[in-house]
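Grab the viewer and a pencil: below are a few exercises, each with a worked solution. Try each task before reading on.

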Amino acid sequence: MALQIHALFPTAVATAQLRLDPLELAAQLQTLLMLRGADEGNPNSGCAWTGDLNGVWQLHRHPDFSGLTDRVVEQAWAYLSAVGFDQAKLALHVQRCWPVLSDWDQVVGRHHHPNAHLSAVLYLSGSGSGEDGVLRIHAPSQPNELVPGSAAGHGGPIAAGHPLNQPHWDLAPQPGLLVLFPSRLDHSVLANGDPELLRCSISFDFVLTAPVDGDPPEYLAPHPSLWTPQPLEVN
Ligand SMILES: [Fe+2]
């Protein structure tokens with residue numbers, strides 16, 4: 001009897017190809033360049049310019065991007081439904097939305113988003129080849145490595161690129177490509193190796209809470225409209 005492999009506990013990373021209107025896209029790219037201004041990196045020139053560190057973290061409220069945000073939100077709900085969430089028992093919030101502009105040879109270091117639940121990236125540029133810098137999502141653990149450190153390569157013992165022993169997953173940007181993934185996953189952006197192409201993307205961080213109506217269960221934060229901000233303590 002043949003050995004049956006059960007690939008357990010899959011991580012759900014979703015992609016969708018959105019159609020972008022060419023005229024709207026051109027205007028959006030101009031807006032992003034204007035928002036970047038004279039800055040180049042974060043803070044040094046080897047790191048991509050990211051709006052969250054430069055006061056541009058509410059792009060979803062900008063008139064040039066609110067329509068695009070609606071389409072991403074639609075896909076976020078589809079993602080939640082696909083992984084088993086009941087929409088009627090949730091509220092979905094865009095917590096933050098910011099552009100990332102990566103010029104030639106710029107990168108984004110490995111990180112995750114500890115203050116969000118679901119993250120998304122929409123690409124506004126890209127050749128599809130990955131030369132302009134892939135998004136790399138890192139495996140949170142590699143139980144199939146069996147011997148810790150043995151998947152590092154150097155000729156074995158695990159076959160290079162084996163599908164059951166992947167340390168990461170790469171995605172090549174292209175205009176309109178959307179990716180959604182759990183915010184807890186570490187990710188990075190490899191260097192933009194195309195001197196002619198500005199790598200341009202918009203990141204979204206979503207937070208899930210209980211709906212505004214009803215009594216929130218302990219495992220979901222109450223809806224933020226029900227929170228009570230406290231004044232600074234005055235001595
Ligand atoms: Fe990120």
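**Exercise 1: the faces of helix 2**

Leu68, Thr69, Val72, Ala76 and Tyr79 are the buried residues of helix 2; work out how they sit around the helix axis, and what they pack against.

*Ground rules.* We're working on a predicted model, where local features need pLDDT of at least 70, side-chain atom pairs count only at pLDDT 80 or more, and totals for chains, interfaces and linings use all residues. Residue numbers start from 1 along each chain as its sequence is written. Helices (H or I, at least four residues) and strands (E, at least two) are DSSP runs, numbered from the N terminus. Buried means that 20 or more other C-beta atoms lie within 10 Å of a residue's own, exposed means 12 or fewer, and partly exposed is in between, with C-beta atoms placed from the backbone.

*Step 1.* Look down the axis of helix 2: the buried residues fall within an arc of 95°, so they line one face of the helix. That arc is taken from the directions from the helix axis to the C-beta atoms.

*Step 2.* Contact means C-beta atoms, placed from the backbone, within 7 Å. The buried residues of helix 2 pack against strand 1 (14-17), strand 3 (91-102), strand 5 (118-123), strand 8 (177-182) and strand 10 (199-209).

*Step 3.* Check what comes after: helix 2 is followed by Gly84, with a positive phi near 105°.

**Exercise 2: the core**

Which residues have the most contacts inside the largest nonpolar core?

*Step 1.* Define the set: buried Ala, Val, Leu, Ile, Met, Phe, Trp, Tyr and Cys residues joined through C-beta atoms within 7 Å.

*Step 2.* The largest such core has 33 residues, and Ala120, Leu122, Val179 and Leu180 have the most contacts inside it. Helix 2, strand 3, strand 5, strand 6 (135-138), strand 8 and strand 10 each supply at least two of the core's residues.

*Step 3.* Zoom in on Val179: leaving out residues up to four places away in sequence, it touches Val13, Thr15, Ala120, Val121, Leu135 and Leu171.

**Exercise 3: a histidine in a loop**

Is His113 buried or exposed?

*Step 1.* Locate His113 in the loop between strand 4 (108-111) and strand 5.

*Step 2.* Count: there are 21 other C-beta atoms within 10 Å, so His113 is buried.

*Step 3.* List its contacts: His113 touches Ser119, Ser183 and Asp205, not counting residues up to four places away in sequence.

Methods:
Two residues are in contact if their C-beta atoms, placed from the backbone, lie within 7 Å.
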